Amino acid sequence: MEKKLEIKVLIASLVGSSIEWFDYFLYGTVSALVFNQLIFHSEDPTVGLMLAYASFALAFFIRPLGGIIFSHIGDRIGRKKTLVLTLSLMGGSTVLMGFLPTYEAIGVAAPIILVSLRLVQGVGLGGEWGGALLLAVEYAPKEKRGFFGSIPQMGVTIGMLLGTLALSIMTLLPENAFMTWGWRVPFILSALLVLFGLWIRKGIDETPSFKQAQEKGEIAKIPFLETMRTHWKEVLIAVGAKVVETAPFYIFGTFIVSYATTQLGFSRTLTLNTVTIATIVTTILIPIMGNLSDKIGRKKLYVGGTILMALYAFPYFWLLHQKSAAMLVVATVLGLGIIWAPITAVLGTMFSEIFKSNVRYTGISLGYQIGAAVAGGTAPLVATALLAAYDNSYVPVALYIILTSVISLIAVSAIRDRKNEELDKAA
């Protein structure tokens with residue numbers, strides 16, 4: 001593949017992925033700072049926060065449905081067309097959130113509308129991730145597949161970085177201005193990002209793997225049923241492998257915002273800035289880890305990162321409880337910035353290598369989105385509930401992180417490393 005096309009493909013997969021995750025994480029952070037007060041009205045602050053986190057979790061459960069719908073289109077019609085649909089759906093719902101009236105203005109209609117828009121977000125993202133990943137992986141030369149597959153994974157952290165930065169800027173406003181209109185600005189301005197994403201993807205052709213499947217007449221009539229018939233074990237492996245990549249991420253990146261401010265007395269701006277620093281670190285490390293996986297294999301990196309995650313669970317909270325700004329930064333950078341990087345960098349490529357091309361979009365989307373639904377969106381909710389149930393002790397939350405690591409280690413024990421095999425002969 002010529003260098004110019006390589007760059008174009010990587011930009012197209014990264015830009016769209018970054019925009020989708022920007023939209024998604026913007027909601028996650030605002031739910032902890034704004035929606036718990038302005039939309040989910042409650043006399044008890046903890047109840048308001050848990051309702052906001054529940055709405056955050058809700059979209060994770062709709063994501064598998066989005067994965068099924070759009071992966072059907074992706075495996076039947078093509079990756080490119082699907083990506084245009086998912087980006088449009090996601091972007092439109094996010095912009096509308098910026099214009100949402102508060103509970104005080106329209107009563108119970110406010111949370112109903114917000115949850116509806118959140119569900120649309122979830123459906124869009126459910127199909128987006130698999131398409132962005134396959135755009136990169138199915139174009140990649142065999143010896144660069146790990147690197148190519150890590151690029152759309154950077155979209156997760158770049159999207160989070162953009163969302164956190166946007167809100168950090170807005171939180172510099174006076175409290176009243178931020179709560180009235182400041183939080184709305186990033187949602188509304190995301191329309192510009194969506195238009196850019198659609199434009200950049202317009203010039204990319206369909207992937208070689210999909211074209212090959214078309215030429216051979218191997219397009220599945222009903223990709224979901226074909227996946228469940230021939231690749232159900234691989235779907236279960238992918239679900240289990242996703243657990244340690246997603247739950248600790250939301251503990252380190254979303255739950256920490258409310259935990260550090262309400263339990264440990266850190267300022268909102270400091271906490272958001274800390275997450276921003278850690279996100280920059282992991283964004284830099286992801287392609288480095290992806291490139292490393294082309295040399296030593298995906299499984300070795302993934303297993304090493306997962307073991308480190310389990311070992312870090314208790315030290316993470318111990319560092320936070322020193323109640324020092326420096327320790328807050330160290331704790332978050334170690335967890336989100338360094339230990340999480342090798343896990344997420346190889347995840348998408350590892351998934352792609354265990355499914356055949358005619359069900360690959362469906363297979364990776366199901367594994368990724370079901371895993372995210374089970375362990376991702378629920379993580380801040382579970383962590384908050386554990387704190388409430390155990391008198392604000394962090395021990396159950398640390399044990400929860402360890403449990404996710406164990407589940408994922410069991411799941412990937414069944415995977416054979418396929419870095420040296422051709423993609424469409426791997427499964």
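Predicted model: local features only at pLDDT ≥ 70, side-chain atom pairs only at ≥ 80, totals over all residues.
Figure 1. Together with Met228 and Leu236, Trp232 makes a nonpolar surface patch of about 310 Å².

**Figure 2. A salt bridge between Glu175 and Arg268.** The two side chains meet at 2.9 Å, N to O. Glu175 is in helix H7 (residues 175-182) and Arg268 in helix H12 (residues 268-296), so that the pair, 93 residues apart, links distant parts of the chain. Glu175 is partly exposed, with 45% relative accessible area.

Figure 3. Arg229 is exposed, at 59% relative accessible area, whereas Glu226 is partly exposed, at 23%. Helix H11 (residues 232-262) holds the pair Glu245 and Lys242, again three residues apart and separated by about one helical turn. The salt bridge between the side chains of Glu245 and Lys242 has an N to O distance of 2.4 Å. Both partners are buried: Glu245 has a relative accessibility of 2%, and Lys242 has one of 3%. An α-helix has 3.6 residues a turn, so residues three or four places apart point the same way.

**Figure 4. A network of salt bridges.** Four residues, Asp75, Arg79, Glu138 and Arg360, are linked by salt bridges into a network. A search of the whole structure finds nine salt bridges.

Figure 5. Of the 29 residues, 22 are buried, so H5 is largely enclosed by the rest of the structure. Ser116 is located in this helix and is partly exposed, with a relative accessible area of 38%. From Ser116 to Met289 the separation is 173 residues in sequence and 37 Å in space, C-alpha to C-alpha.

**Figure 6. Stacked rings of Trp129 and Tyr368.** The structure contains 17 aromatic pairs. In the pair formed by Trp129 and Tyr368, the ring centres are 3.6 Å apart and the planes are at 15°; planes under 30 degrees apart count as stacked, so this pair is stacked. Trp129 lies in helix H5, while Tyr368 lies in helix H15 (residues 360-375), so the pair ties together parts that are 239 residues apart in sequence. Both residues are buried, Trp129 at 2% relative accessibility and Tyr368 at 1%.

**Figure 7. The aromatic pair of Tyr312 and Tyr316.** The rings of Tyr312 and Tyr316 form a tilted pair, 5.8 Å centre to centre with 50° between the planes. The two tyrosines are four residues apart in helix H13 (residues 298-320) and are therefore separated by about one helical turn. Tyr312 and Tyr316 are both buried.

**Figure 8. The surroundings of Thr332.** Thr332 is part of helix H14 (residues 325-352). With a relative accessibility of 0%, Thr332 counts as buried. Leaving aside residues up to four places away in sequence, Thr332 touches Phe252, Thr274, Val275, Ala278, Tyr312, Tyr316 and Gly337.

Methods:
Residues numbered from 1 in each chain as written. Heavy atoms only, no water. Buried < 20%, exposed > 50% of the residue type's maximum accessible area, 1.4 Å probe, protein only. Patch = residues over 30% accessible without salt bridge, like charges linked within 9 Å, V, L, I, M, F, W, Y side chains within 5 Å. Areas by Shrake-Rupley, 256 points an atom, 1.4 Å probe, with all protein chains shown as cover. Contact = heavy atoms within 4.5 Å. Phe/Tyr/Trp six-rings, centres within 6.5 Å; stacked < 30°, edge-to-face > 60°.
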